[in-house]
Amino acid sequence: MESSVANRNKPLAAKVVEFLSGYALACILMLLLLVLTWLGTLEQVDRGLFVTVKKYFSYETFFLFPEIKGKLVPLPLPSAFWVGAVFFVNLALGTILRVRKGWKTIGVLIAHGGMLFLLLGAFVTQVFSERGNMAITEGEVSNVAQHYFDHVIEVTEIADGKPAKVHVIATRHLEDLQPDDERLFKMANLPFDLAVSGYRVNARPVSVSQGARGPAEEVIDGFFLQAREPEVEAERNMPGAVVEVRAKDGTPGERFLLSTASFHPATLEIDGKLYALNLRKALWKMPFTVALDNFTHEFHPGTMRPKRFESEIRRIQDGREEPVLIKMNDPMRRQGFTFFQASWGPQNAAPGDTLFSVFEVVRNPADKWPEWSLYVTGVGLLVHFLMKLVLFITNQPKRRVRAS
Amino acid sequence: MGRKVAFGMCLAVIGGIFLLAVKEMRPEKSYTVLPDYAPWQEDTVEVAKGIPLQAGGRVKPLETYAGYLMLSMRGDRLIKIVGADGDKVKITPTEWLLDALFRPEVAMKLPSFRVDNSEVIELVGLEAREKRDRYSYEQLSAARPKLFELGTRYEEMQRQDEELSRVETQTLALARLVRNFEALIGYFAFARSGIELLGAGVGGESQVQRVSTLMATADVIRGVLADAQARGEAPPAHVTNLLQQITDLSNAAKFGLPVLPPPDPETKDWLTAGNRIWGVMTGTSSDPEGAIADITAMETLVATEAHEPAKFTERLETWRGSLEERARDRGEYRPVPIELKYNRANWFFNALFFCFLPGALVLSLGLLAPQGGWGRAMRAGVWVFSLLGLGLLAAGIVQRSVIMDRPPVGNLFDTIPFITAGVVLVALIAELLTRRGIALGIAPVMGFIGLVLARRFEFGDGTDTMDPLIAVLRSNFWLMTHVLTITAGYAAGLLAAVVGLVYVLRRILGFDDDSKSGKSTRRFLTRMTYGVVCFTLLLSLIGTVLGGIWANYSWGRFWGWDPKENGALMIVLWNLLILHGRLGGFLREWGTNLAALFGAVVVTFSWWHVNLLGVGLHSYGFSDSKKMMVFSFYGLIGIVLLFGIGFMLHERASKKAARLEGASRPGDDALAPAK
């Protein structure tokens, strides 16, 4: 009774801190994370991983409605990003304020510290990591990786028949555009601006003679953009848009239909200068060049089960060469970039054919954090539970001695 | 009363699970009658068992190969027929394979195919019998053209990503099995029929020559063809006829037994008789003399079988010896004799039927009178059976590991015996520490359930459970650390659920009254649940993070929201929830135990269910029957949980009512019986 009176008399800030550091909130958050993980797992079957992760873990949304087998569940749930954020606060405050400090709780304190570090690592990874892939054919070199999901509209200045300078617009600036919307991009270093409209996340340019066109679809040079459902594997999406070249005074100019599915860029000439317009996956320049000398792969005999695949490469930087073997479970880590053996092709290659190898390229400042946090958490939990086990055993009532 | 109910329930559960285990062994309604069937001599079978061959990416004894082949076609590893004089004859996989290879006319009559859905039989135009029945090749052969036509059509549909109906899938599966069977019965056709040379005999009659003889003249035949081609003429009719025969016979022997180790150490794929014939005839063989010797040995073997069974065994042994020698030279023979011993020991079968099953029965009998001499004797029995079972289980796991030359868990099947052994071991250790008989009771029951599951899995899949690892898993360090830890986490989670289940059942069945000892047992059980939950958390958390670190090494990301990763995270979260719920006072005795019991659902989701979603990096093949098993398990746990919650609420309401009544009539306290 006294405590409840005391509780009532506490200042609001203290009550808030108490709630934020409390077990009740911890349990609610864990349950929410569990339910969200479960629903996200089921939903990715229909919607694909990228879309589902974006839906469940984006900081841009606070609430979401889950779907099971494509059907909406009328139950609003908070976004896992924000649940995770509050969980971090709860865990930090709980560790600082709630957990008793002493030898008996040393394990718990260490484990909580490790978990905080893990969550922090997850946040840093989510916000700051970059991923892409680099495909190189045997005997060739490359110093650019391609982003998995990010696309760009590229304007390339052509001089003497060669690309001279490239200007880009990232498509993340377009993704909120409805097909009817238009957005003007002021191109500071170009003699014209670009107005982008009709942006589609996934579309194909189709000849008017070959596809049924909706009334909204604009026809340019006999083609229109036919929208498609986003792919379950989001990296397969091929965006498309209509781009109008607009003079600096706002006079409308030529209109182009750009699509990642197109093989060739569109070209235009302004003031005697040639420009190429292209919509493609964003490129990512590496600080070094990679030369693929040899790629080998092996299946388990008589099966199509991959046994081994590895790439012999040379890393070239400032004229120096370093031979490296990249294989499954053994990536190359250099200068903050990690190169993983991801896949290879062509899959139907005959013995002796030239192959290409695909590397997954990742830059993640928190690359090693989970590993460090594991050591911390593992030690903490081990200490705590071993202490508990010893207590459990030593507290057992002595076995009754049977009367003979 | 409660004890009798518990005894009855135990027997019912054991009986039910036992039936599940032996479902595939139930006798057929009517046996195939083959009065002329001559069983193989025991020594012949023994020799045949050890013939090394390469299948599914690894070298193994013929016995293993035959076992899985028969399992995939027939759904079990034994055929019973009525032989001469009405005697029952048991045909093992090796004998069945010998029949298919050397006596196809007999093998065609054996009921080698299990058809689970009679609609398939009707679809191909045959008259169905039972809903699920077994058919011989001879019985199915009338519908062969239709079956293959449908099989080709459904294969094409599958290639186009069209979804097949249940019947279509089953029909396609049957078509493939029939094709596999034909690859066996046709394997030695080249040795049985030879090549008929038109007009080569006396008086222009045809003459039959051995294929090996023809192979020796391959250069000449190719020369004739080249000459004809150079002249722009068609090859002579008798040569065309001969080539057609060779093509057909080598094709028939191309897809069966990959039993011939290649001479070139760089070549990884073992060869079939068909590969050998074709290689020589097309001039692509690097070792034509060796190929001719291989084919000659097979021809001799086949010719001997027809006439002299005793000599056949001798020649089979010589042939096996030469194959062993070649496999040994390639450094590939090591696992074969170990696997033969493994097959003979039949560890898991013996642990199931001769240790955990009797252990569980003894446990049930002990429930009737746990105190006194009877109880002590039964407890001793449970100890002996459980320890024996654990020993066999451990021996099996270790031997598999030695055969596969890798840590014990590398595929979904491996997890089952490993988890079973983990649960039994921890239960026995817990019993050693607590001496209350409760953890001891868990050991044989979980051992029994785990091995029934393993058996169902193996029989349901009909594929080799010792398949080689795919590239990403080929890291002993990570298999040892991540996979073993996470699997041990599953085991701990299930054990926590079982302790929770024991608590719930004891309460519902009235084992624990409100006496001092009853309350003490409840507290003990809850502490035990709590302790196991702690270890589940420890193992699952470390296992999950290790998995993340491995993924970071292999694929460049610590966490990818892959269903298997999510499942592991759910186990971690659920156990964290139990521990913090308990610390916060939201979960007490009932709550902790019910939550731990629900943990079994979370573990099952992670261990099995995510695999049937068909997405992600950890997705393995999953059949409908396994799906059914998973959902039945959820249902069962759900029912127990509902009963538990209902009982808990009822108990609370009764206590509250009693308290209110006590408060209104304080004088009644004096009348309450002493406790």
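**View 1. Residues that meet between helix 7 of chain A and helix 23 of chain B in this predicted model.** On the side of chain A, helix 7 brings A:P370, A:E371, A:L374, A:T377, A:G378, A:L381, A:L382, A:F385, A:K388, A:L389 and A:F392 to the contact, where they meet B:R527, B:G531, B:C534, B:F535, B:L538, B:L541, B:I542, B:V545, B:L546, B:G548, B:I549 and B:N552 of helix 23 of chain B. Sorted by class, the residues of this contact of helix 7 of chain A with helix 23 of chain B comprise 15 nonpolar, 5 polar and 3 charged.

**View 2. Crossing of helix 7 of chain A and helix 23 of chain B.** The axes of helix 7 (residues 369-394) of chain A and helix 23 (residues 516-554) of chain B come within 10 Å, and their crossing angle is roughly 165°. Because angles over 145 degrees count as roughly antiparallel, helix 7 of chain A is described as roughly antiparallel to helix 23 of chain B. The crossing of these two helices is left-handed.

**View 3. The side of chain B that touches chain A.** Here 52 residues of chain B are in contact with 50 residues of chain A. At least two residues of this side of chain B come from each of strand 2 (52-55), helix 20 (412-434), helix 23 and helix 24 (563-583), and helix 23 of chain B gives the most, with 14 residues. The side of chain B that touches chain A divides into 33 nonpolar, 14 polar and 5 charged residues.

**View 4. Helix 3 of chain A and the residue just after it.** Just after helix 3 of chain A, A:G48 adopts a positive phi of about 95°.

Methods. Residues are numbered from 1 along each chain as its sequence is written. Chains are lettered from A and ligands numbered from 1 in the order in which they are written. This is a predicted model: local features need pLDDT of at least 70, side-chain atom pairs count only at pLDDT 80 or more; totals for chains, interfaces and linings use all residues. Axes are lines fitted to C-alpha atoms, for helices over the stretch in contact, and angles run from 0 to 180 degrees between N-to-C directions. Helices (H or I, at least four residues) and strands (E, at least two) are DSSP runs, numbered from the N terminus. Angles under 35 degrees count as roughly parallel, over 145 as roughly antiparallel, 65 to 115 as roughly perpendicular and the rest as oblique. A crossing is left-handed if the near helix is turned anticlockwise from the far one by less than a right angle, and right-handed if clockwise. Two residues are in contact if their C-beta atoms, placed from the backbone, lie within 7 Å. Ala, Val, Leu, Ile, Met, Phe, Trp, Tyr, Cys and Pro count as nonpolar, Asp, Glu, Lys and Arg as charged, and the others, Gly among them, as polar.
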